[in-house]
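This briefing covers helix packing, sheet layout and chain contacts in the model shown below.

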Amino acid sequence: MLELKGLSRHFGGVKAVDGLDLTVRQGEIVGLIGPNGSGKSTTVNVIAGLFPVTSGEVRFNNESLEGLPTHKRLQRGIARTFQNIRLFGQLSVWQNLWVAQNAPEDHARRGFIARWLGGQSGVRAEIAQLLEFSGLAHKQDELAANLAFGEQRRLELARALAAKPKLLLLDEPAAGMNSEEIGQLRDRILKLRAQGITILLIEHVMELVMGVTDRIAVLNFGQKIAEGRPAEIQADPLVRKAYLGGA
Amino acid sequence: MLDFLQAVSDGLLFGATYALIGIGFTLVFGVMHKLNLAYAAASVGAAYAGLLILQVAAGAPPWVVFLCAFLGGGVIGWLVYVTCFHFIPLSNPLAPLMATVGMLLLIDEIIVHLTAGMPQNYPAMFDDVMLRAGEFTLRGDLLLVAGVSVVCMIALLALLYRTRLGLATRAVSQQAVAAQLCGIRVGQVNAMTFVVTGLLGGIAGALIGASVGALSPLLTAPLTVKGLIVTVIGGLGSIPGAIVAGLLVGALENVFQQFRGVTERDLYVMLLLFAFLIFRPSGLFKQ
Amino acid sequence: MDFYYGLAQTVGIHTLLGLSAYIVLLTGQVTLAQAAFFAIGAYAAGMLTVLAGWHIVPALGASAMFGAATACAVGFPALRVKGLMLVVATLAFGEGVRLFFFNFDYQVAKGEIKVGPLGGEGFRQIRYFQEHGWSTGEVMLFVWVFVVLAMAALWWLDRSRYGAVLRAVGEDELAAQSVGVNLTAVKVSAMTVGGAVAGIGGGLYAHYTTHIEHANFNVLLATFAIAYPIVGGLKNVFGTLAAVIFVQAFLIEGLRFLGDWRNLLFGALIVAAMNLRPQGFLGGRRA
């Protein structure tokens, strides 16, 4: 579904991502890990269209994404969450989801007038579903800025789902979570896979990565140094060295 | 050809004042990432404040008036900081902008009140001096304007790059939060930025008054617009940019006026701005 | 009674001006161009009723269209200019339009006299209401029909998905893009709607004052346009209305007994308002 071929992204002299090859097949949950500064977030930003590619290609469903702006990539089916949550703080939980309903099938189903100028009633059911899934139904009219941290993370995820993506890029969704929350996140991710969504998970929290991914790729200094199943990665000496340094 | 060169040279000299105004806007923007729309009005106000000394000491020489305008500018600058930026929380970006508009109106009205709206004569120095080079003349007072402006710019650059305050200012402009964590008192730095730009503005106002020969509250609006245009053409946050752009606008404005008259002059300056916005929106120099 | 009708007309027309800025401010674009669209609407409607003999309603329709078209054209290059630079760019555009009308002559002979815009002298004798025997009360009602329609339309937009999307863009463009919002479409459309509302306001203004000239559409009017929604708060359209009533009815008329001091108070009150309540009368949050 997603193919990165020789992907490079340079910022001046800094090679944030250098010649990365990665394939994510439909229905997989692939993890992307690596020490800080290894290029994980940059990779997500390039896939999402925030930065252009310096060299190499990003292909989605066998089509190059070159030159496609971010909002069009969303309409092709790629959604992402942000590492430092970027909710619309002055809008309510419900409105945050409403604004994000930009999937092409929604566009086709409802007319222009209904989609843009319509009120809330037409989409109540769908948004209610999303709220249910994220455990936020009781807070639907609360301003996003007033939510607790864990709730904000759940809203961030729900908002990405509102656009009915086929590929979900999760950028460190577990940062700052305790064990119980990580467990809930793990269950949610597995449920999403069951619904047919492919996931690329950037993460530091090993508890989550090892427990939920099919395959993991490891980055260091913008290059892929290892790839394999969680158990293999855990045993790999190169990976240990990258994280812990030295012997 | 000679006319053209004459217009250019006069314009360049006058443009030094635009450069000072532009520096004031751009410095505040660079340090606080906010626009102080009251700046040009404050500069004109400071120039008027300079005239106040003549109420006290009737025969005072022009340089005393300029000095008072200079100091008055610093005071007014500090006042603008306190009323528009110190108390308003950062989470409301539009409020300080609106507050500076309020100050602009207030300063304008105070001027009108105190002078009954009548233009006031402004003392000039060397206005009877003309340097000649063949058929080419350089007005003495304009040379002074340019000279003083250059001295001020050098002093400012020295302040920014050779003093601790300047270092702190540059730190705050790049990373305000980190600067605070390093112990820099951001509030103080911001206040000082306003005082320094106020001093510059005071001198600029006095110089404009001196070269035009009179001050009027009607100067405020066009000066605000021109100052902002210079700031944008030069690149928001760039002092060298403001300097070059100020000179450029001064020269071009005078040339336009020479060849197309006063009414069309401003239209052409506007077109210059639009050209920059379309082809080079970041201005001449980046921050 | 005529006095109150006149005041109500002024409040109504300024509310339209404020509303035109309100919708653009929601998207986070600070625009000083609304007075320019207002001016275009004014001259357009005036010329259509005076020179071409049109009925006032289609003339206002044309005003709306001209305002919208110009705003749309401005909206695209405005996208390339970020944050406070947009303030300057729109300010310059507004000044450019004003200068255009300063130089604009289009006179037609009607009987023995010539009518139409005449450059610096402006456009006199826009006497549609007088020639058709409208009373002051009838004009007031006519103005307010449009104000109520505009407020209702914007209120409805506010409650629709488009309104939520506008506010999302105003809050975080990056996040909005990432959830599929087309920033260009949203920002340009908001600007266009604002242009239409400003155009209608301008058209009504021209007929209610009967004489318009370039100086009416200056930087001050442009700042009034954004002052109303900022001082009133961006929560909903009633904030803007409240601010217009506060400024026009309370400050300008109600404090008339203060004479000249009233103008001083004006600037000072804006500064005070922004310090005491930076989020505006009604605030900016939405439940």
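In chain B, helix α3 (residues 62-86) packs against helix α4 (residues 94-115) at an angle of about 145°, and their axes are 8 Å apart. Axes are lines fitted to C-alpha atoms, for helices over the stretch in contact, and angles run from 0 to 180 degrees between N-to-C directions. The model is predicted: local features need pLDDT of at least 70 and side-chain atom pairs count only at pLDDT 80 or more, while totals for chains, interfaces and linings use all residues. Residues are numbered from 1 along each chain as its sequence is written, and chains are lettered from A and ligands numbered from 1 in the order in which they are written.

**Helix pair in chain B**

- From α3(B), the contact uses Val80(B), Thr83(B), Cys84(B) and Phe85(B); α4(B) supplies Pro96(B), Ala99(B), Thr100(B) and Met103(B).
- Residues are in contact if their C-beta atoms, placed from the backbone, lie within 7 Å.
- Six of these contact residues are nonpolar, two are polar and none is charged (Ala, Val, Leu, Ile, Met, Phe, Trp, Tyr, Cys and Pro count as nonpolar, Asp, Glu, Lys and Arg as charged, and the others, Gly among them, as polar).

**Sheet in chain A**

- Four strands form an open sheet in the order β2-β1-β4-β5 (chain A), with antiparallel pairing.
- Helices (H or I, at least four residues) and strands (E, at least two) are DSSP runs, numbered from the N terminus; strands pair if DSSP finds at least two bridges between them.
- The edge strands of chain A, β2 (14-24) and β5 (63-64), each pair on one side only.
- Seven bridges join β1 (residues 2-11) of chain A to β2(A) in the antiparallel sense, and Arg9(A) has Val17(A) in β2(A) as its bridge partner.
- Helix α1 (residues 40-48) of chain A lies across β1, β2 and β4 (55-60) of chain A, at about 70° to β2(A).

**Contacts between chains**

- Of the two pairs of chains in contact, B and C share the most contacts.
- That contact takes 34 residues from chain C and 35 residues from chain B.
- On the chain C side, α4(C) gives the largest share, 11 residues, and the side divides into 23 nonpolar, eight polar and three charged residues.
- The contact between chains C and A takes 21 residues from chain C and 24 residues from chain A.
- Chains A and B do not touch, and their nearest C-alpha atoms are 12 Å apart.
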